[in-house]
Amino acid sequence: MARPKSASHDLKRDAILDLAAHCFAQRSYHAASMNDIAEAGGTSKARLYHYYESKEAILFDLLDRYTQRLLSIVGETEAAAQRQQLDERATLHELIRRFLAEYQTSATRHAALLHDVPFLGPEQRTVIVARQRDIVSAFTRFLTRAYPERLKKSNATAVTMMVLGMINWTFTWLRPDGPLSYADFAEEVIRTIERGLT
């Protein structure tokens with residue numbers, strides 16, 4: 001009979017994923033080893049293998065959970081907008097605020113999503129790429145509803161990628177303890193979308 005999972009099993013997995021994301025961001029996925037992750041956590045490689053069979057399994061779980069989290073933010077934003085009876089522009093603004101609030105605490109996970117998907121096996125890569133497309137589609141939907149006169153089939157993808165380009169790379173330069181907070185940057189993005197650089 002299989003041993004039941006301990007109550008702290010998921011918590012330990014979360015800690016491993018945090019350590020792995022940090023190692024991948026510091027060394028690169030390719031260069032980081034299971035040994036590096038184990039050492040960063042002050043544990044043994046054997047203990048790590050108790051939770052994950054391989055470095056690729058860690059990467060997939062990391063990206064699987066993270067992309068599910070990002071998609072849940074989309075759903076949470078839509079639900080909040082309905083409860084608060086927000087108009088379409090206010091709903092888009094709330095989505096931007098919520099994504100940047102998430103990015104503030106998940107910089108290394110986000111770096112893995114942007115850099116390390118090619119290291120997954122074909123089936124796992126298909127799952128994560130499909131979720132990335134779902135996130136892009138959600139932003140296109142929010143933008144099209146907010147600016148129906150501005151977004152057409154011909155430019156919707158370009159405008160969506162422009163907005164995502166503004167927020168997706170914050171992990172490379174925006175520091176939580178810097179002169180500009182993530183919340184303040186969210187408002188700058190919203191102002192730029194609304195008014196341009198005037």
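This is a predicted model: local features need pLDDT of at least 70, side-chain atom pairs count only at pLDDT 80 or more; totals for chains, interfaces and linings use all residues.
Okay, let's start with a term: a salt bridge here is a side-chain nitrogen of Lys or Arg within 4 Å of a carboxyl oxygen of Asp or Glu. By that rule, this structure holds 16 salt bridges. Residues are numbered from 1 along each chain as its sequence is written, and side-chain values use heavy atoms, with hydrogens and water left out.

One of those bridges joins the side chains of Asp 64 and Arg 131, at 2.7 Å, N to O. Asp 64 is in helix H4 (residues 55-84) and Arg 131 in helix H7, so this pair ties together parts that are 67 residues apart in sequence.

Now the overall picture. We've got nine helices and zero strands; those are DSSP runs, H or I of at least four residues for helices, E of at least two for strands, numbered from the N terminus. The C-alpha atoms fill a box of roughly 60 × 40 × 30 Å along the principal axes.

On to H5, and two of its partners. With H7, the axes are 7 Å apart and the angle is about 145 degrees (axes are lines fitted to C-alpha atoms, for helices over the stretch in contact, and angles run from 0 to 180 degrees between N-to-C directions). That crossing is left-handed, meaning the near helix is turned anticlockwise from the far one by less than a right angle; clockwise would be right-handed. The contact (heavy atoms within 4.5 Å) includes Leu 92, Leu 95 and Phe 99 of H5, and Phe 139, Phe 142 and Leu 143 of H7. By class it has nine nonpolar, one polar and three charged residues. For the record, Ala, Val, Leu, Ile, Met, Phe, Trp, Tyr, Cys and Pro count as nonpolar, Asp, Glu, Lys and Arg as charged, and the others, Gly among them, as polar.

With H9 (residues 182-195), the H5 axis comes within 9 Å and crosses at roughly 145 degrees, but this one is right-handed. Residues meeting there include His 93, Ile 96 and Leu 100 in H5, and Phe 185, Val 189 and Ile 193 in H9.
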